[in-house]
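Here is a short note for a colleague who is new to reading protein models. Please keep the structure open while going through the points.

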Amino acid sequence: MSPIPNLEGYGVFVDDIDFNHLTRDQWMSLGKLQMEQLVMIIRRTGININRFHQVMKMWGKCRQNYAAKEETDTEVAKEYARIGGHAATGHIVRVAEENGLFGSGDLLWHSNESGDIAFTPGVALLGDHGMTKSATGFMVTSPYYYSLSESMRSELDEMVLVHNFQEGKINANDENNVVYKNMCPEPDTEIPLVIQSPAGIKGLHFPYNTTTRIKDYPIEESVRLLEEIKFKLTQYYYDYWWENDDDLLIFDNSIVQHRRLGDTTDRLCYRYQFDYSYLQYKVTGKPYMPYFQEPYISRYKEKMGEISKVFPVFGYPPP
Ligand SMILES: [Fe+2]
């Protein structure tokens, strides 16, 4: 294992894992490590999509919030099926130009389901082919948060961001229905800026794709402050240029943003978006709660109660 540059202790490379002889305990320890490190890059896994599904579901079930909705829009359902998502595939979707999510080209900094108060907290990407001309980048926010004075931190702790879907904020080439429904289903969704990751690491939930302003701030002040934070965050990112087609990238989706760079021609990877149900108790001893303040705690519980009817998550609905 070795640290990922620039991420200030929140990223780890893992090499020489033998997936054929990996015990359950070893794999669960890696899961705990991934939760504590936020970003994990396992190089040369030698695994295929089936093994990928098998190992990921030991950490937690694959989850897709909009697929948990009772009334699904036919257009969205069609789009979801086109990219490979359904119960039979365990909701693993293809990320590719052809019949995949997101189309071609660069993807700007974002997080998934970012404007959804009950966003899914983990994402895993397994390469299949054509990966090595492209990069997946990660930006961590905790080092910035902890670099601030205590008074500045408590100021940020009070802030709430207002989220909206914004066209072209992830991929200017191709926005589709699935992305729309995923990123911010309700207009003007309020989510606290400072939250905690599943392992209890504090950081910023400041996804550039859906953030529109700071709640109750004059607009000029809101723009100025958000630009300043963005500028500071640019110190803490790393673009991983895929070294092998079978690399496996597993990353936090609560306080870490990701992006894509490079050539996406004939590129295919698989995405497993998940919660940490089977690790959560081992790491924190309680269900995941991203928020520290009301009414967001209650809103989260309420929404997770609904989601859990379709995608069961540890601790929800609360007993
Ligand atoms: Fe993404």
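The points below run from the whole chain down to single residues.

1. **Ground rules.** This is a predicted model, where local features need pLDDT of at least 70, side-chain atom pairs count only at pLDDT 80 or more, and totals for chains, interfaces and linings use all residues. Residues are numbered from 1 along each chain as its sequence is written.

2. **Overall build.** The protein chain has nine helices and 17 strands. These are DSSP runs numbered from the N terminus: helices are H or I, at least four residues, and strands are E, at least two. The radius of gyration, taken over C-alpha atoms, is 18 Å, close to the 20 Å from the globule rule (2.2 Å times the number of residues to the power 0.38), so the chain is as compact as a globular protein of 319 residues. Its C-alpha atoms fill a box of roughly 55 × 45 × 45 Å along the principal axes.

3. **Burial.** Of the 319 residues, 43% count as buried. Buried means that 20 or more other C-beta atoms, placed from the backbone, lie within 10 Å of the residue's own; exposed means 12 or fewer, and partly exposed is in between.

4. **Core.** The largest nonpolar core holds 68 residues. Such a core is a set of buried Ala, Val, Leu, Ile, Met, Phe, Trp, Tyr and Cys residues joined through C-beta atoms within 7 Å. Val39, Ala124, Val140, Leu249, Val256 and Tyr272 touch the most other members. Leaving aside residues up to four places away in sequence, Val140 touches Leu7, Glu8, Tyr10, Leu38, Tyr236 and Val256. Contact here means C-beta atoms, placed from the backbone, within 7 Å.

5. E1 (residues 2-3) pairs with E2 (residues 11-14) in the antiparallel sense over two bridges. Pairing requires at least two bridges found by DSSP. Ser2 stands opposite Phe13. E2 also pairs with E3 (residues 39-42), in the parallel sense over four bridges. There, Val12 has Met40 as its bridge partner.

6. **Cys269.** Is this residue buried or exposed? Cys269 is buried, because 27 other C-beta atoms lie within 10 Å. It sits in strand E17 (residues 268-274). Among the residues Cys269 touches are Val95, Leu125 and Met131.

7. **Helix H8.** In H8 (residues 277-284), the buried residues are Ser277, Leu279 and Gln280. They cover an arc of only 145 degrees (from the directions from the helix axis to the C-beta atoms), so they lie on the same side of H8. Their cover includes H1 and H2 (49-59). Just after H8, Gly285 takes a positive phi of about 75 degrees.

Terms used. Contact = placed C-beta atoms within 7 Å.
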